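Welcome! Let us take a friendly walk through this structure, a few features at a time.

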Amino acid sequence: MILHHIALNVPVSDGLFTYRHPTALPAGCRVAVPFRGKTVAGVVWASGVESGMAIEKILPVQTAFTDEAPLPESWRELLDFTARYYHYPTGQAVFAALPAGLKEPKPVGMPQPPLFYALNETGRAQIPPPERFRKQHALWQALFSDGFEMAALKRINNQAPKLVQEWATQGWIHTSHAAAPKLNPSEHTLNAAQQAASQAVQAAAGTFQPFLLYGITGSGKTEVYFDVMAEVLAAGKQVLFLLPEINLTPQLLKRVQARFADVPAAVLHSQTAAGQRTQDYLRAMLGQAKLVIGTRLAVFTPLPDIGLIVVDEEHDGSFKQDNELRYQARDLAVWRAKQSGCPIVLGSATPSLESWHKAQNGAYRLLELAERARTAAKLPQVEVLNVGRLKLDNGFSPQALKLLQQNHSQGGMSLVYLNRRGFAPALFCGDCGHTFGCPRCSAKMVLHQRARQLRCHHCDYRQSVPYKCPDCGNQDLTAVGQGTQRGEETLRALMPQAAVARVDRDSTAHKNDWADLYRRIAGNEIDVLVGTQMLAKGHDFARLNLVVVLNADGSLYSADFRAPERLFAELMQVSGRAGRAQTAGSVLIQTQLPEHPVFAAVKVQNYRIFAETELAERKLLNMPPFAFQTAIRADAAKVADAMDFLNGIKAVTGPLISENVSVFGPAPMFMVRLAERERAQVFLESPDRRSLHRAVSLWVQVLQQYRDGKIRWSVDVDPAEM
């Protein structure tokens, strides 16, 4: 009997358990094993291990799925590193990285390699179909190439299966499982800056080199990505393209399909059907998919021949997972590029201060696109309006409404940006001052007027809108503040001739909502968009030439030191949606804090000014990126219990921690109550990353000794939010 370490989806220190099997199983092989009375899936992590237990007491592997290709060594190294760095059980990290089909204790069908069709020597000697049979002739000409998949041939002639079968019967067709990728030429001619950026990345092919592609909004970063990708794909290598949001995929995929129509691709995100996602994952692992496009979880896709990684909108908070395995996909992508010995391009108009700092100190190579790709397109004119003493109409200043009406009458398209969905942030009783809070969280319920509901946007608790105040019985309840629904209603009333569309999480909940929105915009069926941060990044709407930002100050009242950075990126990104084509763009930002440095930097559209100021302040305060942080959090029925728990761990670990590691807290979290649990946290900080991780390891060792089910704890390395 051979003993094996098997990774299981179990919350113990490493998630590795010992099982026996008559023969040695290869590392990376999936298995089915018994665990606590049921059969679960596992992954072989090591073979030929030793154990102090009697072998008859060690449970056997029930089934080994040896007909499947094992998960590769490079993938296992990635998960080992991820588990170590984020102080998370290896077994749980492994299963967080797998698609649903590979988490089940049953076999999966391996995808078959694609079949490519081409004319053989005999076929090439035949007389082609007459040119008057246009589609048949075009199909014949296509078969003179190195080979096409049937799906590509059907796009040329929908009768391709029948015709190819007829020609194969004649002995004229050659089939193979490999073909050179076919790349359509770009519709865009790169300007000098784009060419220089592309050539710099291409020159680094085959070596690890991180690039920060800093380009103003509309500067054509995507075309630089595509130019480099074309070279990598032409060389037969794989490309991993990460983007932050699912809602960016339809528009990007349309551009990808135009440029890389015949490149085998896989699209991986949470709205992909589970079966399809599993098959695409395996196609990538087997090298059948050459281009992999996905959101943060796609960073774990096994790729045997990776030649390039691209992280678009690298600053975006969506790359950070905020529960369970709290990983940062952008940082793991850089680690993967180093592991694979390939270049990585991090692109943004508003880079994260961590990436900008690395570019300034030489860890990353900075590439810059300082002009918009379309020569006629200029950066928008930004006006910051002090609304402190103005009378607003449901959040709109008279100036904002006038601009929106004028732009509509002149045929332009407008975007009203308000990062708050729902009708209003709160429902208020004017008689006694009662506000309706979530019974499960330390948050106000948001009024969703059309659904006649109050909803918590943190735990999704919902209740019908009350008809009276529970404290005083007053039936005249007031909606306080503005949300996207109220903005939409206001504009429909004031601009009845304009086609107004709301874009937020509620209006884009279904699979095809984004594709339908793009279709309507392309058909000039929408005059005004009212939306949240979903509309702030990555979109390119040629007719959009006016952006109005309502309630821009909200996040500045946060105690999180990253709030100014997030607001600046948000405002720069949404401002950049305006004037991307021939028509000049303009932006109006309403604020009650017009003198804040964030607005001054946005007004001159200058990221460097903001970054230099913000980094100087961070350095003075010894905050990231000049120091490193880990948050250790606990939640319980009462916050006092969570605080006592963390204080107890702090007392045990305190004497063992290095002097250059500071421990702050415990303290209640800013939003103490979430989903009926109350939360506290401790921050560990150090200018030395190794010292910090040693301290975190000490904390985790002690935490794992506590088995009190009433208290839950988690570790968040490099936390994105306080």
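**A guided walk**

Strand β28, which spans residues 662-674, contains Pro666. The peptide bond leading from Gly665 to Pro666 is cis, with omega near 10 degrees. Helices (H or I, at least four residues) and strands (E, at least two) are DSSP runs, numbered from the N terminus. Before going further, please keep in mind that this is a predicted model, in which local features need pLDDT of at least 70, side-chain atom pairs count only at pLDDT 80 or more, and totals for chains, interfaces and linings use all residues. Residues are numbered from 1 along each chain as its sequence is written, and side-chain values use heavy atoms, with hydrogens and water left out.

A cis bond also links Pro624 to Pro625, with omega near 15 degrees. Look for Pro625 in the loop between α18 and β27 (628-636).

Helix α18 (residues 607-621) is worth a stop, together with helix α12 (residues 353-360). Two packed helices are described by the angle between their axes and the distance between the axes. Here the axes of α12 and α18 come within 11 Å and cross at roughly 95 degrees. That makes α12 roughly perpendicular to α18 (a word used for angles of 65 to 115 degrees). Axes are lines fitted to C-alpha atoms, for helices over the stretch in contact, and angles run from 0 to 180 degrees between N-to-C directions. From α12, Leu353, Trp356 and His357 meet Tyr607, Arg608, Ala611, Glu614, Leu615 and Arg618 of α18, where contact means heavy atoms within 4.5 Å.

Now look at two residues with a positive phi. Gln605 has a phi of about 50 degrees although it is not a glycine, and its place is in the loop between α17 (597-603) and α18. Arg36, also not a glycine, has a positive phi of about 50 degrees and sits in the loop between β3 (30-35) and β4 (38-47). Is each of them buried or exposed? Gln605 is buried, with a relative accessible area of 12%, whereas Arg36 is exposed, at 74%. Buried means under 20% relative accessible area and exposed over 50%, with partly exposed in between (1.4 Å probe, protein chains only).

Our last stop is an open sheet of three strands in the order β19-β20-β21, with antiparallel pairing. Two strands pair if DSSP finds at least two bridges between them. β19 (446-448) and β21 (462-464) stand at the edges with a single partner strand each, so one side of each has no neighbour in the sheet. Three bridges join β19 to β20 (residues 453-455), and Leu447 stands opposite Leu454 in β20.

Conventions. Parallel < 35°, antiparallel > 145°, perpendicular 65-115°, else oblique.
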